[in-house]
Amino acid sequence: MNRTGLVKCIQVFLLGAVLSLAWGAVTGLLHLDRVFPNQGQEAMFAVRLPAQIALYGIGSPILEEVLFRGLLFGLLRRVLPDRISVLITSALFALWHGNILQMLYAFPMGLLFQYLLRRDGSLASPVCCHCGANLTAIVVRAVIT
């Protein structure tokens, strides 16, 4: 990765981190975590911190971006207009997360990841942004508990 690519990756990583913090603040202020139980996330946070970082902070974003932005979007855009493909991919990405609370966050994040893919023409930006969001959630949770 060249210097420009590294700078872009850091920028979108930080964007993901900021959005994760913002969503955490909104969730806390509105007490959404009390309204919508999130057993999947609780199970994720039950494993040791190094495993959380490897699996959910790095591994899942890479896998999900390859699956949703790479494969699924690539297939859908062959038969549907781009905008419809983006909406379907983002909706399926949200559903993949399995609970209402994460779906509310994952759908707009999926739209952002699609935008980054289109803007940069590479999965690197959505992966870096996704890692920034997930790793921030993991680190914040580790610090506050």
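## Val 12 and its contacts

Leaving aside neighbours within four places in sequence, Val 12 is in contact (heavy atoms within 4.5 Å) with Leu 116, Arg 119, Ser 125, Cys 128 and Cys 129. This is a predicted model, in which local features need pLDDT of at least 70 and side-chain atom pairs count only at pLDDT 80 or more, while totals for chains, interfaces and linings use all residues. Residues are numbered from 1 along each chain as its sequence is written, and side-chain values use heavy atoms, with hydrogens and water left out.

Val 12 is found in helix 1; helices here are DSSP runs of H or I with at least four residues, numbered from the N terminus. Val 12 and Leu 116 are 104 residues apart in sequence, and their C-alpha atoms are 8.6 Å apart in space. Val 12 has a relative accessible area of 4%, so it is buried (buried means under 20% relative accessible area, with a 1.4 Å probe and protein chains only).

Not counting residues up to four places away in sequence, Leu 112 touches Leu 15, Leu 19 and Cys 129.

## The cysteines

The structure holds one disulfide (a pair of cysteine sulfur atoms within 2.5 Å). It joins Cys 9 to Cys 128, with an S to S distance of 1.9 Å. The link is left-handed, with -80 degrees about the S-S bond. Cys 9 lies in helix 1 and Cys 128 in helix 7, 119 residues apart, and the pair links distant parts of the chain. Cys 9 is buried at 16% relative accessible area, and Cys 128 is buried at 11%.

Why is Cys 129 too far for a bond? Its sulfur is 8.7 Å from the closest cysteine sulfur, in Cys 128. The sulfur of Cys 131 is also too far for a bond, because the closest cysteine sulfur, in Cys 128, is 6.5 Å away. Cys 129 counts as buried at 0% relative accessibility, and Cys 131 counts as buried at 9%.

Key:
Helices (H or I, at least four residues) and strands (E, at least two) are DSSP runs, numbered from the N terminus. Buried means under 20% relative accessible area, exposed over 50%, partly exposed in between (1.4 Å probe, protein chains only).
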